[in-house]
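I'll start with a sheet and then get to some side chains.

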Amino acid sequence: TTTDGIMSDSEAEEVLRPEQTSKADADAEADPQASLESLKRNTLNRNLDSISKVQQYLVDGETETAKFRNQVLKLTQNYYIKSSRLSEAEIVELREQKAVAVVEADGLMERLCQLAYEAFEAERKTHFTHPDGAIKKEPLNLMSYVMTLCQNYSDQSEQFALALSKNQWVLKLCSEMQRDWADDHLADKLPDLVNKRLRQSLSVVYNMLFKGNSEIFFNLVDYHFVDTAQPYLKSGSDRFRFSAYLVLVFSCNEEEASRLLINEKSLVTFLVENLSSAHRHSSRRSNGYHVIELAKCAYQFTKNEDNKDILLECKILPVLSDMLQSPPERSDEVSMALKIILSMSFNSACSSNIKEICGPELRSLRSNPQWKSNRDLEAIQYNTEEVYTTDGPFIPDDDNERGDLRDVPLPRQRSVKQNLQLGQSTDLPPAPPPPPSAPPPTGSSAAKPPPPQPTGASAAAVAQPQAPGSAGETAGHVMISYHQHSSGEFVRWICPQLKEQNFKVWVDFEQMQDSTLDCMAKAVEGSAAVLMCVCKGYKESDFCRMEAEYAVRRRKQLVPLLLEHKYKPDGWLGFIMGTQLYYNFSRNKEESFAKLVGYLKQSVLKSPDESIAPVTQPVQTATPPKPRPPPEPAYTKWTSEEVLNWLLENKLPSHLEPFKLEGRHLLFLLKMKSQAPEAFYRLLEKSLRLTLFHQLYDFVEALERL
């Protein structure tokens, strides 16, 4: 929140002080017997009075007068509450109520933001300055008041932020201001007061994105804030650079983050240092940022795989270790530290460092009654104690085949980690050298598209299950894997719909027992199909990632359901989906549901007339012997040195040398090109950095000649 640079007209001088209190509030503050409810009621009524007066000016068309600007300023200043008798939680609640009142005032924010945009539109080329350099106070004041109103309440209220994300005037104001004034800002040609409004435009966008609301995110997509904020990474002002950086952290997809943020280590260091400072300070703030806000920014930063290595280099783990030791009254810091550590633990380099740097604190929490049942803590233990890594190739050892363990009973005395490891199979193709923390593919056969045909690509990608009912397996339940905040409403709709079709459905809010991971493992293991509710929230959820990756390793049938029509899966989720079939529930739910039911009955169950039902007796079937595989080409035995010679002979890019590719990796790439071409070309671009057309062409041609 800010009042930076708000200037007064001559008639507004008395209301400029942000901590001004009314006479009624002052009397209530001085009288210890005065009711707190009276104090709260006064501040809320004053806000309603300001709303009413501003609306009247709008109705009367008196929007160019100083009195109107004064009243807009009073409405803005109502955000500030000065009272030693009110707790921080009570002040937050009052501000939320004020924000809701402003949002619900019919047409108020739409009209105010339109006036602010019109003021900008009239002065975008002059920067609100007269030819002699003097500031044009009146139009700049109005724009300042409205932007401050937007910034303060979007910081405080998700409901306000959501409404603001639907307001075309404020989005146009922020995006066009950032786009049109970037060059002049970088050339240091903008007056200070105008620069403050420009940085405020970045803060308004950041506040909306910070809420983590998918609807807000997609409302902002069409305004291209990734493009408009990017130039300010070169600003001479650290505050400008950091404001732009935060916008990008919350708005970039995986490809954009890898391209734009990878070289901004100084800003990551700034983030980590401020997080450490805020944690140590009694106010829990540093440079105006609260410790939890900074922690949430760091957590969002981990959602791009490349960023985890940067955070590790910038020494965030010692800071998180300190946060894990926070006293009980700061349990929110412990919670955020655990979330960041869990997200980083999917990266093998981070995982080993977590054990070394944060291990004692994590073990201490596991023995603490308050924390020992925390699911983030449980998941960290699983990730950091795993013997396999999700960012390295899983290469089966043909000389020491472990066999298919999917039908081995899971004894209760085994740990969750040991139980999950039983899902590893050895009859899988070797994986490529994927980007950090990308899950290894675990299957190779293309899916036969069943009627009716769902929306999407025509071939299945990463994993295909053994059909239920074959090789000793029986039909199981349909598991729904989803992100509660983003997809809970959809799941509560589809769950009874599936049951009406006589499917046995596993969903966490009905069957969850024991520990989170133990229940997840059993649910995946007993499933005939896993429905993935694909959306932005699903991709950013660590627990959704664990469910999906485990289902891949157990070779379960993954059935993606697309819930957000603008969302394009990337990162680990894009890798798992590849070119897999999906059902688009973002448009016509009933039509997509009919197709889904047909698919489940005809393809997953192999029987259109039978439903999934509990099986009382195990089905005993003979496992046919595996056919002897054809002999592998000679190049599959190549060492990394021999592959390097092949690269040189074919004049392929020299930057491929450090990848240490071997012959088995080349074989996998050829298989992947045939079975999952989208995933293949994405891997070449992102993992092997073949971004130029001629590089890509030469590499694929040489590969095919093998």
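So, first look at strand E5 (residues 527–534) and strand E6 (residues 557–562): they run parallel and are joined by six bridges. Within that pair, Met532 sits opposite Pro560 in E6. Quick housekeeping: this is a predicted model, where local features need pLDDT of at least 70, side-chain atom pairs count only at pLDDT 80 or more, and totals for chains, interfaces and linings use all residues. Residues are numbered from 1 along each chain as its sequence is written, and side-chain values use heavy atoms, with hydrogens and water left out. Helices (H or I, at least four residues) and strands (E, at least two) are DSSP runs, numbered from the N terminus, and two strands pair if DSSP finds at least two bridges between them.

Zooming out, the open sheet has five strands, ordered E4-E3-E5-E6-E7, with parallel pairing. Strand E4 (505–506) and strand E7 (583–584) are at the edges with a single partner strand each, so one side of each has no neighbour in the sheet.

Last one: Lys308, in helix H16 (residues 305–313). Lys308 is buried, at 1% relative accessibility, and a polar atom of the Lys308 side chain lies 2.8 Å from the backbone oxygen of Ser343.

How values were computed. Buried < 20%, exposed > 50% of the residue type's maximum accessible area, 1.4 Å probe, protein only. Polar contact = N/O pair within 3.5 Å; in protein donor to acceptor, adjacent residues only side chain to side chain.
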